[in-house]
Amino acid sequence: MPSLVSLPKNPLIGTVKVPGDKSVSHRSLMLSALAVGESRITGLLEGEDVLATAHAMRAMGATLNRVDDGEWVVNGVGVGGLMSPDDIIDMGNSGTSTRLLMGLIASHAITVTMTGDASLRSRPMGRVIDPLSEVGAVFKARDDKFLPLTVTGTDMPVPLDYTTPMASAQVKSAVLLAGLNTPGITTVREKVATRDHTERMLKSMGADITVQDEDGIRVIRLVGQPELCPVNLEVPGDISSAAFLLVAASIIPGSDVTLENVGLNPLRTGIIEALKAMGASISIHNERELGGEPVADVQVIAAPLKGVVNLEVDPSTMIDEFPVLFCAAAVASGVSRFTGLEELRVKESDRLAVMAAGLRANGIKVTELDDGIDIEGCGGFIPGGGTVQTHLDHRIAMSFAILGQMANKAVMVDDASPIQTSFPAFVRLMTGLGAGLDVLE
């Protein structure tokens with residue numbers, strides 16, 4: 001179990017590309033595996049989570065191969081063409097893969113058993129099981145909601161008109177993916193709009209899908225059983241991965257970093273708005289569109305940050321980025337309060353509890369709330385010197401790697417291996433820009 005030591009070294013200077021967007025990568029493999037014909041995908045995130053999706057689609061009959069220069073070639077089986085795998089599928093740490101695949105399987109007459117690592121097996125799947133059971137799928141899960149679980153899809157799926165009970169792109173996408181092989185119109189209603197990568201990609205592949213606002217509710221309608229067209233897709237850079245560098249370059253004095261080709265889907269840019277509210281110097285250049293998604297180059301120059309109490313950013317636009325934002329708050333001047341974050345308790349770890357513990361271990365005064373956290377910023381360098389328990393959570397590991405760059409004593413991360421799930425090049429990229437990170441085997 002490799003640990004990671006983080007201690008200040010140099011300002012971060014340079015121009016880099018972050019890995020491909022994880023959400024887009026998952027969906028590109030799943031949907032191209034259901035297309036009729038050959039798709040080619042470049043810029044795919046090749047972390048363990050996305051590779052778990054590739055493994056699962058192969059197990060269900062699609063052909064996926066990585067060829068020269070990182071290009072992936074996918075030959076799909078068509079909507080309705082998935083087959084039962086020969087063995088249990090190990091989803092590793094990927095909750096996104098698991099929940100979305102449950103949607104795909106639900107409307108195919110196949111049986112699939114999935115398991116995962118200790119972290120994934122602790123994450124509840126009930127929020128997806130409930131609507132997919134209405135489609136007609138049958139689930140056998142540990143304690144009715146945990147992996148390992150077996151999904152038996154139906155050969156007579158029922159189209160849903162479903163209102164999501166919480167802001168969750170995974171729940172919405174699972175229902176829409178079930179609707180792909182369901183006759184009729186599947187409808188999903190969202191009180192709070194969530195990331196729309198599924199809708200954008202389905203539309204680009206020829207599906208009959210519409211999105212409109214009806215009395216303040218976002219309504220998505222999908223006509224079932226389309227013939228999806230193959231795509232040539234370049235995956236944009238992941239804003240969630242970029243968030244670590246956005247914070248690092250903002251808090252480390254003298255830094256000036258440009259991130260190229262970052263996906264700036266308007267339902268994903270909360271981290272930029274939040275950092276700007278704290279005083280960050282972030283500018284957007286070369287705006288364009290890539291594979292149906294807006295992208296741009298993002299420049300960050302170090303600037304003094306101040307705490308924020310009434311953050312006017314919808315949590316759904318940056319839910320995965322809050323851990324590293326908490327680290328920015330630890331360095332900022334004044335107190336920050338972040339609320340409305342109940343969702344963080346059911347991620348790869350209970351991110352509110354784990355972040356609070358890690359911050360306290362490194363000398364930061366925090367108050368954990370039921371739905372959030374209060375953080376008393378140091379106005380510069382933090383005491384440091386603590387060891388952080390990651391609980392197999394990649395974002396916890398990377399967040400404290402960033403925070404250690406503003407610590408008087410080294411910050412120790414107990415396990416660096418979870419970083420491989422989403423950002424395999426993280427340490428190499430950070431040290432290339434000037435950061436002081438060491439992985440101890």
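In the predicted model, the lining of the largest cavity comprises three nonpolar, three polar and two charged residues. These residues are Val24, His197, Arg200, Met201, Leu233, Gly291, Gly292 and Glu293. Helix α7 (residues 197-204) supplies the largest share of this lining, with three residues. The volume of the largest cavity is about 40 Å³.

Asp320 is listed by UniProt under "active site", in an unreviewed entry. Aspartate 320 is placed in the loop between β17 (293-301) and α10 (322-331). With a relative accessible area of 12%, aspartate 320 is classed as buried, because the cut-off for this class is under 20%. When neighbours within four places in sequence are left aside, the contacts of aspartate 320 are Arg195, Ser240, Lys347, Arg351 and Arg395.

One of these contacts, arginine 351, forms a salt bridge with aspartate 320, and the closest N and O atoms are 3.3 Å apart. This pair links distant parts of the chain, since aspartate 320 is in the loop between β17 and α10 and arginine 351 is in helix α11, 31 residues apart. Arginine 351 is also buried, with a relative accessible area of 0%. Both residues belong to a network of salt bridges that links Arg123, Arg195, Asp320, Lys347, Glu348, Arg351 and Asp393.

Across the whole structure, 26 salt bridges are found. One of them joins glutamate 343 to arginine 127, with the closest N and O atoms 2.9 Å apart. Glutamate 343 lies in the loop between β18 (335-338) and α11 (351-361), whereas arginine 127 lies in helix α5 (residues 126-135), so the pair ties together parts that are 216 residues apart in sequence. Glutamate 343 has a relative accessibility of 21% and therefore counts as partly exposed.

A further salt bridge is formed by arginine 218 and glutamate 190, again with the closest N and O atoms 2.9 Å apart. Here the distant parts of the chain that are linked are strand β13 (residues 217-223), which holds arginine 218, and strand β11 (residues 185-190), which holds glutamate 190; the two residues are 28 residues apart. Arginine 218 and glutamate 190 are both buried.

Definitions and conventions: Residues numbered from 1 in each chain as written. Predicted model: local features only at pLDDT ≥ 70, side-chain atom pairs only at ≥ 80, totals over all residues. Heavy atoms only, no water. UniProt positions renumbered as here; feature names shortened; annotations may be inferred. Helix = DSSP H or I, 4+ residues; strand = E, 2+ residues; numbered from the N terminus. Buried < 20%, exposed > 50% of the residue type's maximum accessible area, 1.4 Å probe, protein only. Contact = heavy atoms within 4.5 Å. 1 Å grid on protein atoms, 1.4 Å probe; cavity = no way out; pocket = protein on both sides within 12 Å on 5 of 7 lines; lining within 4 Å. Points joined across faces, edges and corners; volume = space filled by probe spheres on them. Nonpolar A, V, L, I, M, F, W, Y, C, P; charged D, E, K, R; others polar. Salt bridge = Lys/Arg side-chain N within 4 Å of Asp/Glu carboxyl O.
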